[in-house]
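Work through the exercises below with the structure open. Try each task before reading its solution.

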Amino acid sequence: MDNIPENFQKLTAEDKALYGSPELIYLNPPIVNAPLCIEKRENWIKWRAAPYPAQRHSEYLYIPNEDKRKNIRILISAVMQTPESIDSYISTIQRKRRYDILGKKALSKGYTARSIRPADFNKDIWEIIHSSNLRQGRPIAPLYLNRPPDYGFPSYKTYANPNYDDICCGVFSPDEKLAAYLLGKRVGHHVQYDEIMGHSEHVQNDIMYLLHITFLKLCIQCDIPPQCLNYGPWYSGENPFSPEGGLNRWKRKVRFKPAFLILASY
């Protein structure tokens with residue numbers, strides 16, 4: 001793509017000076033014969049790389065063959081490339097911030113982290129969601145708030161191909177209670193952060209950093225590591241264009257960068 005179309009979201013002047021133009025990331029999830037994988041791939045394209053269908057004013061994924069003549073607004077995504085190793089990732093972080101990024105505070109207080117199946121911790125996840133009325137200054141979406149405690153997370157299934165295996169992890173308090181979780185939906189090299197949330201009574205212990213570094217480790221350890229970790233839109237939260245807004249500041253601190261997602265020919 002020689003020129004970025006006019007309907008692509010623009011960076012703020014501050015971000016333009018810091019990052020230059022957003023990276024263009026071309027994605028083409030592999031076609032496999034397993035029915036669940038085929039369905040997941042088709043939904044990923046239909047939902048524009050979002051984890052679920054929704055009425056949106058803008059989209060995450062640009063589909064050249066369909067969008068060339070359409071005025072569909074394409075959002076800048078917050079993206080991180082899976083590092084080769086945790087050491088190589090940490091080497092990109094300022095030394096004064098490495099203690100935080102590695103979740104050392106949480107580890108020193110007895111927290112642990114590991115891979116999870118969300119259905120196994122549905123009641124704990126319900127408690128985490130309901131531990132606060134607000135997230136990033138905004139009310140929690142009814143999609144999550146209205147789920148029952150015994151919700152079975154039916155979209156998290158067992159897939160026959162590692163390119164479609166979802167990546168989920170949790171942080172556990174010293175008494176082995178789930179304190180934070182991250183659910184990543186994978187299609188090919190792309191992993192969308194479907195849900196990421198911490199219990200309000202534990203977030204001050206830097207559990208979200210431990211969650212983040214554990215998620216990176218799990219991605220690195222995959223048989224086929226994904227390459228595009230997508231934490232939703234680049235501009236988000238109550239003050240979306242402020243780099244000091246809670247979520248925006250966090251994304252920048254852990255090295256997410258602005259990028260456009262583009263579907264390669266298929």
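**Exercise 1: A helix and its length**

The 15 residues of α9 should span 21 Å at 1.5 Å a residue, and the end C-alpha atoms are 21 Å apart, so the two values agree. The model is a predicted one.

Task: Find how many of the 15 residues of α9 are buried.

Solution. 
- Step 1. Apply the cut-off: buried means under 20% relative accessible area.
- Step 2. Count along α9: 12 of its 15 residues are buried, and the helix is mostly covered.
- Step 3. Name some of them. The buried residues include Met208, Leu211, His212, Phe215 and Cys219.

**Exercise 2: The unit around the helix**

Task: State the handedness of the unit that β9, α9 and β10 make.

Solution. 
- Step 1. Locate the parts. Helix α9 covers residues 207–221, strand β9 covers 190–198, and strand β10 covers 228–233.
- Step 2. Check the strand pairing. β9 and β10 run parallel over 3 bridges. Val191 has Leu229 in β10 as its bridge partner.
- Step 3. Conclude: β9, α9 and β10 form a right-handed β-α-β unit.

**Exercise 3: The other partner of β9**

Task: Work out in which sense β8 and β9 pair, and over how many bridges.

Solution. 
- Step 1. Read the pairing: β8 and β9 are antiparallel, with 8 bridges.
- Step 2. Pick a cross-strand pair. Leu182 is opposite Ile196 in β9.
- Step 3. Look at the turn. The two strands form a hairpin with 2 residues between them. Gly188 in that turn has a positive phi of about 65°.
- Step 4. 9 of the 9 residues of β9 are buried, so the strand is largely enclosed by the rest of the structure.

**Exercise 4: What α2 packs against**

Task: Identify the strands against which the buried residues of α2 pack.

Solution. 
- Step 1. Collect the buried residues of α2. Among them are Cys37, Arg41, Trp44 and Ile45.
- Step 2. Trace their packing: the strands are β1, β2, β8, β9 and β11.
- Step 3. Check what comes next. Arg48 follows α2 and has a positive phi, near 60°.

**Exercise 5: The nonpolar cores**

Task: Find which residues touch the most other members of the largest nonpolar core.

Solution. 
- Step 1. The largest core has 43 residues, and Tyr89, Phe215 and Phe256 touch the most other members.
- Step 2. Its largest share, 10 residues, comes from α9.
- Step 3. A second, separate core has 21 residues, including Trp44, Ile63, Val79 and Leu261.

Conventions:
Residues numbered from 1 in each chain as written. Predicted model: local features only at pLDDT ≥ 70, side-chain atom pairs only at ≥ 80, totals over all residues. Heavy atoms only, no water. Helix = DSSP H or I, 4+ residues; strand = E, 2+ residues; numbered from the N terminus. Buried < 20%, exposed > 50% of the residue type's maximum accessible area, 1.4 Å probe, protein only. Contact = heavy atoms within 4.5 Å. Pairing = 2+ DSSP bridges. Right-handed = clockwise from strand over helix to strand, strands pointing away. Expected span 1.5 Å × (residues − 1). Core = buried A, V, L, I, M, F, W, Y, C linked by side-chain atoms within 4.5 Å.
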